[in-house]
Amino acid sequence: MKKMISLGLCLTLGSFVLTGCSNNSEPFEEKSYTSETTIQEINLDVRDREIEVSLSPDDQVHIQYSENSKEYYEISVSDENVLTMVSASNKEWTDYIGGKPAEEDRKISLQIPDALLENLTLSTTNENITLSALSVTESIHLSSNGGNISFGNLDVGSALTLDAKNGDISGTIVGGYDDFAIQTEIKKGESNLPEWKDGGEKTLHVSCNNGNISIDFQNET
């Protein structure tokens with residue numbers, strides 16, 4: 001009987017401790033970043049964040065995001081004008097107890113100038129990546145582990161690479177079907193692209209695990 005009482009007390013105290021930890025989460029603060037120089041390339045490598053890309057109203061790169069002292073980002077620009085944004089964390093084990101941040105705190109809004117950027121690389125987990133119609137002079141690489149990738153008319157100078165796991169890939173590419181050499185890898189899903197196609201001055205590489213691929217070409221619609 002004493003053992004049962006002791007066990008009950010331990011469970012009760014434990015639940016109070018866990019509840020206290022989960023309710024003491026630090027609020028997020030909205031922040032923004034604007035490039036001071038012309039950016040040639042962007043690399044975003046984040047975790048558990050939705051990424052939404054749209055066109056910039058000027059020739060600068062703008063980023064809106066939220067962070068606190070536990071979950072934040074490191075933003076830097078190299079001498080080669082490559083902008084990098086990566087997730088950083090200062091969490092204790094108790095910070096992982098409780099729910100995830102609010103939806104508005106898990107979103108990164110990226111605005112880029114049209115046709116001025118050379119390369120764009122975006123990677124996230126457990127969230128979606130969405131892009132409006134835009135163009136880059138060289139390549140775009142999008143990767144989401146646990147979310148969908150969707151886009152408007154994308155215009156690339158040389159290559160488009162799309163990788164998704166547990167999510168769908170859909171959108172339209174500027175150009176014709178014959179403009180691209182295509183390589184497709186798909187598991188547990190359906191695709192409207194061939195596994196392999198030679199020819200084309202540009203390359204399209206699409207990989208999807210546990211999701212569907214639906215990509216159209218602007219000149220074919």
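**Core, sheet and loop**

Reply: Ile-42, Leu-110 and Leu-120 touch the most other members of the largest nonpolar core, which has 43 residues. Such a core is a set of buried Ala, Val, Leu, Ile, Met, Phe, Trp, Tyr and Cys residues joined through side-chain atoms within 4.5 Å; buried means under 20% relative accessible area, exposed over 50%, partly exposed in between (1.4 Å probe, protein chains only). The model is predicted: local features need pLDDT of at least 70, side-chain atom pairs count only at pLDDT 80 or more, and totals for chains, interfaces and linings use all residues. Residues are numbered from 1 along each chain as its sequence is written, and side-chain values use heavy atoms, without hydrogens and water.

Me: Which residues is Leu-110 in contact with, leaving aside neighbours within four places in sequence?

Reply: Contact means heavy atoms within 4.5 Å. Beyond those neighbours, the contacts of Leu-110 include Ile-42, Val-53, Ile-63 and Leu-120, and also Glu-52 and His-62.

Me: In what order do the strands of the open sheet stand?

Reply: Strands are DSSP runs (E, at least two residues) numbered from the N terminus, and two pair if DSSP finds at least two bridges between them. Here nine strands follow the order β5-β6-β2-β8-β11-β13-β17-β15-β16, with mixed pairing. β5 (71-77) and β16 (196-197) are the edges; each has a single partner strand, so one side of each lacks a neighbour in the sheet. β11 (139-145) and β13 (159-165) pair in the parallel sense over seven bridges, with His-141 opposite Thr-161.

Me: Is Ser-56 buried or exposed?

Reply: Ser-56, in the loop between β3 and β4, counts as buried because its relative accessibility is 12%.

Technical notes:
Helix = DSSP H or I, 4+ residues; strand = E, 2+ residues; numbered from the N terminus.
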